[in-house]
Amino acid sequence: MDVRRHHSLCASLRSGDGNDADSASPSSTRLIDSRFEKWDVPISDQAPGQVRRWAADLLTRWGAADAVEDAVTVLTELVTNACQAGASRVIVSIEPDAGPNVIEVCVWDDAPGVPQKHEPDLSAERGRGLFMVDALAARWGHHALPLGPGCSGKVVWADLAAHGAGSGDGA
Ligand SMILES: Nc1ncnc2c1ncn2[C@@H]1O[C@H](COP(=O)(O)OP(=O)(O)O)[C@@H](O)[C@H]1O
Ligand SMILES: [Mg+2]
């Protein structure tokens, strides 16, 4: 992760640019000077599936179709975790040019607790999500990120390898 870029991304998550928390449809807002999209996802059982479609569409438009599978898998796990942890607000973001051939995906949530990766127990039904994220991402991590006064939370980020990013229409 390029720390400076990550900081500007965190600032973007904080900023008012973007959808309000009540946005019901999977649209998003793009910052003007960089390819970056975020979405304040309505909390529901549909959230992981909606985020999957949102991410697949964006990455395809950005010419990074080869990254779709890993990105949607990682985002699905992270959004599902945020919802299961009791988040009342979840914001997802994708930055396709986070570094040379690096796509960064982030999930911000306001749930208590932090991600804790366990070694997978093959007989257990749960506990494999972050193990999978760890396997697919070049790097990942999490840190506290308050969005404002009285709006504490954390962001879980993952850097994914991309080879096709940059050849899309930039939309
Ligand atoms: N966004 C999150 N907020 C709070 N706790 C989390 C979050 N993501 C993961 N965790 C914690 O990390 C654990 C491991 O997550 P994971 O590997 O996805 O397994 P599972 O979701 O099946 O329990 C979760 O059980 C939860 O305790
Ligand atoms: Mg999980």
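This is a predicted model: local features need pLDDT of at least 70, side-chain atom pairs count only at pLDDT 80 or more; totals for chains, interfaces and linings use all residues.

Colleague: What pattern does the protein follow when read along the sequence?

Modeller: The protein has four helices and six strands. Read along the sequence, these elements follow the pattern α-β-β-α-α-β-β-α-β-β.

Colleague: What percentage of the contacts with a separation of 6 or more lies between residues 24 or more positions apart?

Modeller: The protein has 171 residues, of which 38% count as buried. Among the contacts with a separation of 6 or more, the share of residues 24 or more positions apart is 63%.

Colleague: Is His 6 buried or exposed?

Modeller: His 6 is found in helix α1, which covers residues 3–14. A residue counts as buried if 20 or more other C-beta atoms lie within 10 Å of its own. His 6 has 20 other C-beta atoms within 10 Å, and is therefore buried.

Colleague: How far apart in space are His 6 and Glu 104?

Modeller: In sequence, His 6 and Glu 104 are 98 residues apart. From C-alpha to C-alpha, their separation in space is 8.8 Å.

Colleague: Which helix gives the most to the shell around ligand 1?

Modeller: Ligand 1 is surrounded by 18 residues, and the closest are Asn 81, Gly 113, Arg 126, Gly 129 and Leu 130. By class, the shell holds eight nonpolar, six polar and four charged residues. At least two residues each come from α3 (68–84) and α4 (129–136). The helix that gives the most, with four residues, is α3.

Colleague: How are α3 and α4 oriented to each other, and why?

Modeller: Two packed helices are described by the angle between their axes and the distance between the axes. The axes of α3 and α4 come within 10 Å and cross at roughly 150 degrees. Angles over 145 degrees count as roughly antiparallel. The two helices, α3 and α4, are therefore roughly antiparallel.

Colleague: Which residues of α4 meet α3?

Modeller: The crossing of α3 and α4 is left-handed. Their contact comprises five nonpolar, four polar and two charged residues. On the α3 side are Asp 70, Thr 73, Val 74, Glu 77, Leu 78, Thr 80 and Asn 81. The residues of α4 that they meet are Gly 129, Met 132, Val 133 and Leu 136.

Note on methods: Residues are numbered from 1 along each chain as its sequence is written. Chains are lettered from A and ligands numbered from 1 in the order in which they are written. A residue is near a molecule or strand if its C-beta atom, placed from the backbone, lies within 6 Å of it. Ala, Val, Leu, Ile, Met, Phe, Trp, Tyr, Cys and Pro count as nonpolar, Asp, Glu, Lys and Arg as charged, and the others, Gly among them, as polar. Axes are lines fitted to C-alpha atoms, for helices over the stretch in contact, and angles run from 0 to 180 degrees between N-to-C directions. Angles under 35 degrees count as roughly parallel, over 145 as roughly antiparallel, 65 to 115 as roughly perpendicular and the rest as oblique. A crossing is left-handed if the near helix is turned anticlockwise from the far one by less than a right angle, and right-handed if clockwise. Two residues are in contact if their C-beta atoms, placed from the backbone, lie within 7 Å. A residue is buried if 20 or more other C-beta atoms lie within 10 Å of its own, exposed if 12 or fewer, and partly exposed in between; C-beta atoms are placed from the backbone.
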